[in-house]
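Let's take a friendly walk through the sheets of a protein model. Have a look at the picture first, then read on.

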Amino acid sequence: TVTETHSAANNTVTIASEANRLMIDYSGAPTVTFRLNGSVVTEAQFEAAVSVGDGLVYTPDDTTTPASERAIALTDASPNPSATGVVRDIRTPGHTYDIRNSAGGTIYDDLSYTGSPAEFGGHPPLYFVKAPGGAEASVTLAEYEQYLTKIQNAANPVADLKVIGTATATEHHLTTDQTIP
């Protein structure tokens, strides 16, 4: 999964692979074949499309196999842009948290849940909460932070999160087994 750390200027993209963050440098030789949602694209098209939460597979050049190619295959997150994982390292005084994959790898480090991150369109935040298997409800920032505090203080909470950039908002969709009064 693509993290928030990617740089067209440096020809790098960082992915969360299992519990690790890996930086891929796609500069230099041999030339990389770029794919976007299965189609071959230019480097500029790849760089314009890459965003946090996308799926990415990197195939390095195999010098022992003459027909091998160095390739990067990008699959847009659905919907795009979005990032899905588990909430960790909640910092309510700083209004940030991390999104981690199931193995603990950081997909997004220090995501501002009160700000308007450019990776998600730069729009104001909206908050939604639901219990596992329950109906989703819109909540205020104050209520959302009450849920985050309960998650932070619980021993083994359900804290699944999907952040979605829409045309008008950055939506934070939290699924948790924690309740507030």
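Predicted model: local features only at pLDDT ≥ 70, side-chain atom pairs only at ≥ 80, totals over all residues.

## Before we start

Four strands form an open sheet with mixed pairing, and their order is S5-S4-S7-S6. Strand S5 (39–41) and strand S6 (55–59) are at the edges with a single partner strand each, so one side of each has no neighbour in the sheet. From one strand to the next, the twist averages 25 degrees.

How do S6 and strand S7 (residues 70–75) pair, parallel or antiparallel? Their pairing is antiparallel, over five bridges. Here you can find Val57 standing opposite Ala73 in S7.

## The sheet of seven strands

Another open sheet is built from seven strands in the order S10-S9-S8-S13-S14-S11-S12, again with mixed pairing. At its edges are strand S10 (106–112) and strand S12 (137–139), each pairing on one side only. On average, neighbouring strands of this sheet are turned by 35 degrees against each other, direction ignored.

Now follow S12 to its partner: strand S11 (residues 125–130) pairs with S12 in the antiparallel sense, over three bridges. Phe128 has Ser138 in S12 as its bridge partner.

## A helix across the strands

Which strands does helix H2 (residues 141–153) lie across? They are strand S8 (82–91), strand S9 (96–100), S11, S12, strand S13 (159–165) and strand S14 (170–176). Helix H2 runs at about 40 degrees to S14.

How values were computed. Residues numbered from 1 in each chain as written. Heavy atoms only, no water. Pairing = 2+ DSSP bridges. Helix = DSSP H or I, 4+ residues; strand = E, 2+ residues; numbered from the N terminus. Axes fitted to C-alpha atoms, helices over the stretch in contact; angles between N-to-C directions. Contact = heavy atoms within 4.5 Å.
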